[in-house]
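The following explanation is meant for a reader meeting this structure for the first time. Please keep the sequence and the three-dimensional view at hand while reading.

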Amino acid sequence: MTSDVLVGADGAWSRIRPLLSDATPTYTGTTFVETYLYDVDRRHPATAEAVGEGAMYALTPGKGIVAHREAGDIIHTYVELNRSAEWAGAIDFGDADAARARVAAEFEGWAPHLTALITDGETAPVARMIHTLPDGHRWERVPGVTLLGDAAHLMRPSGDGANLAMFDGSELAGAIADRPGDIEAAFTAYEEALLARTEPFYAEARELLDLCLGDRAPYSFTDFFSGAAEQG
Ligand SMILES: Cc1cc2nc3c(=O)[nH]c(=O)nc-3n(C[C@H](O)[C@H](O)[C@H](O)COP(=O)(O)OP(=O)(O)OC[C@H]3O[C@@H](n4cnc5c(N)ncnc54)[C@H](O)[C@@H]3O)c2cc1C
């Protein structure tokens, strides 16, 4: 198939990115294991109370359990672990019970209503090995091709990625609409703004994960929210 205009909006493992850039995602050393509990107020009251109406962060250096409530009495959890790719690769996530037991073993001695977020998980746990592109990933213009979202700027999760991707889409649409018949001018203007806009988010994403799992966790995290880090 051939095309005059190609926008790579195909995520972390973009098939379009190699047309523009040699960069490939690298593993950050952190894996999130995703679990869900359902009907939590009735079936998991102690855990539901611990998570509350919003989000709960139980953090220590190198590992933590981060859970938030979603509509419909659902708790969605990321079990966050600084572990090697080999550690994650050695777990058979196709065997949900064995995977739950292996991940829960990392939290031996933790309160049962917290480890229940792992052991009572009602969907098969899913490993999300966190990958990133190099900080400030850039490329030279290639006629007819551009990127948006994770294809352009995959980084550690910090609550921004989906928002950045949607913003990119709207900015790209605006750039094209503003330059009828001149897609190259549109892509050039879009990319200049995109690359400048996105660059600072890599450091912010790294810092946020370090606040959660770094050597000073959980105090680094509470300081951040209380503003103590800025004052100090
Ligand atoms: C654990 C975790 C937690 C996160 N939490 C948040 C958060 O709370 N808030 C936030 O804003 N962001 C969060 N993010 C980041 C967010 O998920 C991504 O930044 C966002 O999904 C990127 O959107 P995208 O459209 O660029 O890519 P994607 O969402 O990956 O979408 C790409 C799409 O392209 C499709 N595709 C891929 N290859 C092809 C192909 N060859 N042909 C056709 N289609 C293809 C895929 O199927 C997919 O539908 C999180 C990420 C992770 C890993």
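The model is a predicted one.

Four residues of H7 are buried, namely Leu164, Asp168, Leu172 and Ala175. When H7 is viewed down its axis, these buried residues fall within an arc of 75°, and they therefore line one face of the helix.

What lies over the buried residues of H7? The cover includes strand E1 (6-8), strand E7 (145-147), helix H6 (150-153) and helix H8 (183-213).

Two packed helices are described by the angle between their axes and the distance between the axes. The axes of H7 and H8 come within 8 Å and cross at roughly 155°. Because angles over 145 degrees count as roughly antiparallel, H7 is roughly antiparallel to H8. Their crossing is right-handed. On the H7 side, the contact is made by Leu164, Phe167, Asp168, Glu171, Leu172, Ala175 and Ile176. H8 contributes Ile183, Ala186, Phe187, Tyr190, Leu194, Arg197 and Phe201.

Helix H8 also holds glutamate 191. With a relative accessible area of 4%, this glutamate is buried, because buried means under 20%. Setting aside residues up to four places away in sequence, glutamate 191 touches Trp139, Arg141, Val145 and Thr146.

Attention now turns to helix H5, residues 112-119, in which Leu114, Thr115, Ala116, Leu117 and Ile118 are buried. The elements covering these residues include strands E2 (26-37), E3 (55-60), E4 (63-70) and E5 (74-82), together with helices H2 (45-51) and H4 (96-104).

Isoleucine 91 counts as buried, at 9% relative accessibility. Apart from its neighbours within four places in sequence, isoleucine 91 is in contact with Ala99, Arg102 and Val103. Isoleucine 91 and asparagine 163 are 72 residues apart in sequence, and their C-alpha atoms lie 32 Å apart in space.

Methods
Residues are numbered from 1 along each chain as its sequence is written. This is a predicted model: local features need pLDDT of at least 70, side-chain atom pairs count only at pLDDT 80 or more; totals for chains, interfaces and linings use all residues. Side-chain values use heavy atoms; hydrogens and water are left out. Buried means under 20% relative accessible area, exposed over 50%, partly exposed in between (1.4 Å probe, protein chains only). Helices (H or I, at least four residues) and strands (E, at least two) are DSSP runs, numbered from the N terminus. The arc is that of the directions from the helix axis to the C-beta atoms. Contact means heavy atoms within 4.5 Å. Axes are lines fitted to C-alpha atoms, for helices over the stretch in contact, and angles run from 0 to 180 degrees between N-to-C directions. Angles under 35 degrees count as roughly parallel, over 145 as roughly antiparallel, 65 to 115 as roughly perpendicular and the rest as oblique. A crossing is left-handed if the near helix is turned anticlockwise from the far one by less than a right angle, and right-handed if clockwise.
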